[in-house]
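Please consult the sequence and the structure shown below while reading.

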Amino acid sequence: MVELIDLVLLGMLAITALRVIFLKDLFAVVMLFGLYSFLSALIFVNLDAVDVAFTEAAVGAGISTVLMLGTLALTGRKEKANNHTALLPLLVVIITGAALIYGTLDMPPFGHPDNPAHQHVAPRYIEESPKEIGLPNMVTSVLASYRAFDTLGETAVVFAAAIGVLSLLGMPKPGGVAIDSGLKSHLVLRVVAKLVIPMTILFALYVQFHGDYGPGGGFQAGVIAAAAVILYALVFGLPLATHVVRPNFLKVLAAFGVLIYAGTGVTSFFLGGNFLDYNVLASDPVVGQHIGIIVIEFGIGITVFAAMLGIFYGFAAQAERTNIQ
């Protein structure tokens, strides 16, 4: 039954991807990309990768869709006519695809029990994680402790992406021309938003601090919290949103989250342990692991929230300047 569900979802993914290729309406393309991410999240859920599904749904079907819609507001809805032949791009895609398929021939069979990951890596985490980390959610143990260096790099990449986008687009300036979202006159949307936004923020806090025991963590919580503020900006207008969460504050917040993460590693280093070795943060190594994971997840959540919301502000600022011109 699980295989049948996977095949159906994969078929729907293929149909969605093919439809995206031939569509000329970019708004419809963005909507189909959101649907593609949602279908991917369903596949991850069916594979019991709930944490990955959570991230895919929040980032792929949520924030990414909003940002692509913001891009369409600056570039236009229709794809420009292409007068060049499509044979060369098609040839490049075929050659690249063939090279990728050839590269997978040496890989071990998918899901085979004798694969190295199933013989060494997975048993190590399954057997030792409850004793060394003590968290029910093994995914959090792996991401936040065993491979904390990698996760620090991912957080730094999110921070660097925000810097790059804001360097190109800038931030909204005080006293700028307010763009009417078109939703202020919809009383039902305003009432529903006032009910949904506080619950969304509360859910983000739950995801942030419950990631040790269930699906969630700083990445998902930061995106959800940013989505709440973005919804506020879409319904009530950008000036009110920038008054609630100021753009300059986001710049400080994004850097502060990375410093919290890296600072935790430096603290463990000066306490006699290795960098990001949480065992030395308390007399009991397991308690030290809990403290370290909570702190670095908090730093991740802050950085992701500031980066996602800052990128949205950047698109909004560009739309303001376009409106002025």
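Helices are DSSP runs of H or I with at least four residues, numbered from the N terminus. The model is predicted: local features need pLDDT of at least 70 and side-chain atom pairs count only at pLDDT 80 or more, while totals for chains, interfaces and linings use all residues. Residues are numbered from 1 along each chain as its sequence is written, and side-chain values use heavy atoms, with hydrogens and water left out.

Serine 145 belongs to helix H6 (residues 138–146). Apart from neighbours within four places in sequence, serine 145 is in contact (heavy atoms within 4.5 Å) with Ile133, Thr140, Tyr278, Gln289 and Ile293.

| Residue | Relative accessible area | Class |
|---|---|---|
| Serine 145 | 13% | buried |
| Phenylalanine 209 | 48% | partly exposed |

Phenylalanine 209 is found in helix H8.

The buried residues of H7 are Ala148, Thr151, Leu152, Thr155, Val158, Ala162, Leu166 and Leu169. These cover an arc of only 135° around the axis (taken from the directions from the axis to the C-beta atoms), which puts them on the same side of H7. The face turned away from that side carries the exposed residues Phe149, Val157, Ser167 and Leu168.

Conventions
Buried < 20%, exposed > 50% of the residue type's maximum accessible area, 1.4 Å probe, protein only. Helix = DSSP H or I, 4+ residues; strand = E, 2+ residues; numbered from the N terminus.
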